[in-house]
Amino acid sequence: MGLVDFILHIDHHMVNIVNNFGLWTYLILFLIIFIETGVVILPFLPGDSLIFAAMALAANPKYGLLAWLMFIIFLAAAVLGDSMNYEIGEHFGEYATRNKYLSKLINKDHLDEAHHFFEKHGGKTIAIGRFIPLIRTFVPFVAGSGTMHYGTFLKYNFIGAFLWVLVCSAAGYLFGNIPVVQEHFSMIIIGIVLVSLVPVLITAIKNSKKKKA
C-alpha cells in the first residue's frame with residue numbers, strides 16, 4: 001500500500017482498517033497521529049485527512065465507532081506527539097542537525113520554515129503550526145532545541161492540538177457523509193492538503209523575495 005494511494009483513498013483504507021481490526025482501530029489511529037506529530041523525520045504521514053476520514057466513519061452508525069472517543073484519542077496523540085518532539089529537540093536537536101546521517105533525514109528547508117515561523121509568531125507558532133502539514137512536525141522540534149520553557153510550550157501545544165482536532169473532526173463528522181463529498185473524496189483530500197500548504201508557499205515566496213532583495 002503506497003503512501004500516496006493511502007492518502008488519496010484514505011476513506012476506503014479506513015473502512016478496511018475498521019473491518020479488519022475492529023477496536024484496534026483506535027490504537028492504530030492514535031499511533032499514526034502520534035508518529036506524524038512526534039517523529040521529526042516522518043512529517044509526511046496523513047494528519048488532517050486521517051482525522052477527517054475517521055470522523056466521517058464515526059458519524060455513520062454502520063461502523064460502530066465512538067466519535068467522542070475518537071476525539072479524545074486524536075487530542076491525546078497530538079499533545080503527546082508534540083511533547084515527545086519537543087523532548088527530542090531539547091536533548092538531540094543540535095546533534096541531529098549536525099550529524100551527517102541524521103541531518104539527511106531532517107529536511108533542512110522545512111526546518112528553516114519552522115524556524116522562520118517561530119521567529120515571526122513566537123509561542124503562537126506552536127498553535128498556528130498545527131494547521132500546516134510538514135511545518136507542524138518541525139515546530140515542536142525547534143521549540144525544544146531553542147529556549148522555550150516547557151510549561152509555555154505545553155500551553156500552546158494543548159490549545160493548538162484542541163483547535164486542530166476540533167476543526168478536522170467537526171468537518172469530517174458533519175460533511176464526510178454527504179453524497180457529493182463521498183463521490184469526490186480524493187479531490188476533497190487533495191483540496192485539504194493544498195489549502196493547508198498555502199501558508200508555507202506564501203512564506204517561501206516572501207523569503208525568496210527577501211533573499212533576492
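Six aromatic pairs were counted in this predicted model, a pair being two rings of Phe, Tyr or Trp (its six-membered ring) with centres within 6.5 Å. Phenylalanine 158 and phenylalanine 162 form a stacked pair, with 6.3 Å centre to centre and 20 degrees between the planes; planes under 30 degrees apart count as stacked, over 60 as edge-to-face and the rest as tilted. Both residues belong to helix α10 (residues 150-175), where they are four residues apart, about one turn of the helix. Phe71, Phe158 and Phe162 form one aromatic cluster. Phenylalanine 158 counts as partly exposed because its relative accessibility is 43%, and phenylalanine 162 is likewise partly exposed, at 31% (buried means under 20% relative accessible area, exposed over 50%, partly exposed in between, with a 1.4 Å probe and protein chains only).

The model is predicted, and local features need pLDDT of at least 70, side-chain atom pairs pLDDT 80 or more, while totals for chains, interfaces and linings use all residues. Residues are numbered from 1 along each chain as its sequence is written, and side-chain values use heavy atoms, without hydrogens and water.

Helix α3 (residues 24-38) packs with helix α4 (residues 48-58) at an angle of about 160 degrees, and their axes are 10 Å apart. The two helices are therefore roughly antiparallel, the term for angles over 145 degrees. In the contact (heavy atoms within 4.5 Å), Leu29, Ile32 and Ile33 of α3 meet Leu50, Ile51 and Ala54 of α4. The residues of this contact comprise six nonpolar, no polar and no charged.

Note on methods
Axes are lines fitted to C-alpha atoms, for helices over the stretch in contact, and angles run from 0 to 180 degrees between N-to-C directions. Angles under 35 degrees count as roughly parallel, over 145 as roughly antiparallel, 65 to 115 as roughly perpendicular and the rest as oblique. Ala, Val, Leu, Ile, Met, Phe, Trp, Tyr, Cys and Pro count as nonpolar, Asp, Glu, Lys and Arg as charged, and the others, Gly among them, as polar.
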